[in-house]
Amino acid sequence: MYKYLHIYESPKLSGSVTISGAKNAALPLIASTILSDNDVEMTNVPNVADVKTLLKLLSNLGARYEFDNNKLKINTSSINNTTAVYEIVKTMRASILVLGPLLARFGECKVSLPGGCAIGARPVDLHLKALETMGADIKIQGGYIHAKGKLKGADIVFDKITVTGTENIVMAAALAEGETKIINAAKEPEVVQLCEVLKSAGVEIKGIGSDELIIKGTSKELLKFPPFSIIPDRIEAGTYLCAGAITNSKITIKNAEPEHMESILLKLKTMGFSFEIKEKEITILPAKKITPVNISTTEYPGFPTDMQAQFMAIATQAQGVSTLEERLFENRFMHVPELNRLGANIKIQGKIATVYGPTKLYGADVMATDLRASSALVLAGLIAKGETKVHRIYHLFRGYENLLDKFKSLGAKMELKEEPLP
Ligand code: UD1
């Protein structure tokens, strides 16, 4: 049996939804607990498949944890194995986040190479080069990264801005001997939270939130984490705002961080939507007319690649021609043929997708291909006439907590159904 999401046309939404903790902040922060041998407690941890995968990986290494009600208590003092196995890493590329902290704490580790993924080659060469600059000896054997060595602070220039690459090196530098400078560091709010938590755990870090980080290592002295709470998920928040936008409805998202969402809010504004913003709450108000938009994905604070697919779904309803340029990943338009199956008129030329709106959408069977592409299909399913079945729905559960209940609380009609395997 396999699960699919059955969506019934839900042209108007209303009400409010509470945003969960950010998956992309939780993952590096969970990996960073390897840098401590004390209990670490964190709250607002999203109960999503990717988080559970990383916890499985850590428990496979010997760590102990309790995860209940979005509260995680974890202790990695019992780690007795430093091999991150292929069977787990292959299901989630972000498993590479254990490489830096394992090497920094134990002086050696083996981490399976993540391999390809649906949205492109996504190599980890920059992570490896930076660790080599810090003195690691790295060999690739049998599909595994074998890393060894005592890490020393170094000056590192990232040739490309990489989120998990920056996080890996910040964690490695935390226990290294001496000072590490990272030039061209990622500035995503999730990177910022990792740095702030590590700082509160005893690591001196300068330049937090800028593209140049200076980390003074503790020379192997392990860290002591005070309890902390994971920041709100700006991509989940953005996705629900897009649900309001595509149905042209007034809805409210709670427990969001508007400051992290400026580019998303600005693009929705150029499309004709307006907002009421209170401290942690954003209400989207309907547009008189949905205006086309031009978007280029880029690093934070630019427009996030993780919101490109959802905006493409809205663009199918805009009065005119929109363009979406994908600059980070080479294969991140797999939702396009699926949106076209629903009746959209989208053409791809290289890195640019051109959306000819407005088009009426009609329910159909569609295939989810990756996490964010699947959310675009759910959004389109809300306004498609009739019924839409989104297959391979497991992609969605990697990153959206309680997706079904949250959409239902906004008045959307959808059900999780099972079908025998063909
Ligand atoms: C993270 C996010 C993901 C988001 C992406 C871009 C997590 C767990 N995932 O992924 O949701 O879509 O940032 O915002 O936080 N690159 C290399 N060599 C490397 C590393 C990266 O060439 O060693 C390239 C990638 O192929 C890509 C670009 O750099 O073209 C940016 O990727 P990166 O920021 O590393 O993405 P992730 O950290 O994997």
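Analyst: A salt bridge is a side-chain nitrogen of Lys or Arg within 4 Å of a carboxyl oxygen of Asp or Glu. This is a predicted model, in which local features need pLDDT of at least 70 and side-chain atom pairs count only at pLDDT 80 or more, while totals for chains, interfaces and linings use all residues. Residues are numbered from 1 along each chain as its sequence is written, and side-chain values use heavy atoms, with hydrogens and water left out.

User: How far apart are the closest N and O atoms in the salt bridge of glutamate 281 with lysine 278?

Analyst: A residue is buried under 20% relative accessible area, exposed over 50% and partly exposed in between (1.4 Å probe, protein chains only). Glutamate 281 is partly exposed at 25%, whereas lysine 278 is exposed at 59%. The closest N and O atoms of their salt bridge are separated by 4.0 Å.

User: How many residues apart in sequence are the parts that arginine 234 and glutamate 190 tie together?

Analyst: Helices (H or I, at least four residues) and strands (E, at least two) are DSSP runs, numbered from the N terminus. Arginine 234 and glutamate 190 form a salt bridge, with the closest N and O atoms 2.8 Å apart. Because arginine 234 belongs to helix H8 (residues 234-246) and glutamate 190 to helix H7 (residues 189-200), the parts they tie together are separated in sequence by 44 residues.

User: Which residue forms a salt bridge with lysine 280?

Analyst: Lysine 280 is partly exposed at 37% relative accessible area. Lysine 280 lies in the loop between strand E16 (274-278) and strand E17 (281-285), and its partner lies in the loop between strand E15 (251-254) and helix H9 (262-270), so the pair ties together parts 23 residues apart in sequence. The closest N and O atoms are 2.6 Å apart, and the partner is glutamate 257.

User: Which residue in E9 is the bridge partner of lysine 110?

Analyst: Two strands pair if DSSP finds at least two bridges between them. An open sheet of mixed pairing has its four strands in the order E6-E7-E9-E8. Strand E7 (residues 108-112) and strand E9 (residues 144-148) run antiparallel and are joined by five bridges. The bridge partner of lysine 110 in E9 is histidine 146.

User: What share of the ligand's accessible area does the protein cover?

Analyst: An oxygen atom of the ligand is 2.7 Å from an N or O atom in the side chain of threonine 162, and a ligand nitrogen is 2.7 Å from one in the side chain of aspartate 125. Accessible areas come from the Shrake-Rupley method with a 1.4 Å probe; for residues, only the protein chains shown count as cover. On its own the ligand has 740 Å² of accessible area, of which the protein covers 89%.

User: Which element gives the largest share of the shell around the ligand?

Analyst: Two elements give two or more residues to the shell, helix H6 (163-175) and helix H5 (125-133). The largest share, three residues, comes from H5.

How values were computed:
Polar contact = N/O pair within 3.5 Å; in protein donor to acceptor, adjacent residues only side chain to side chain.
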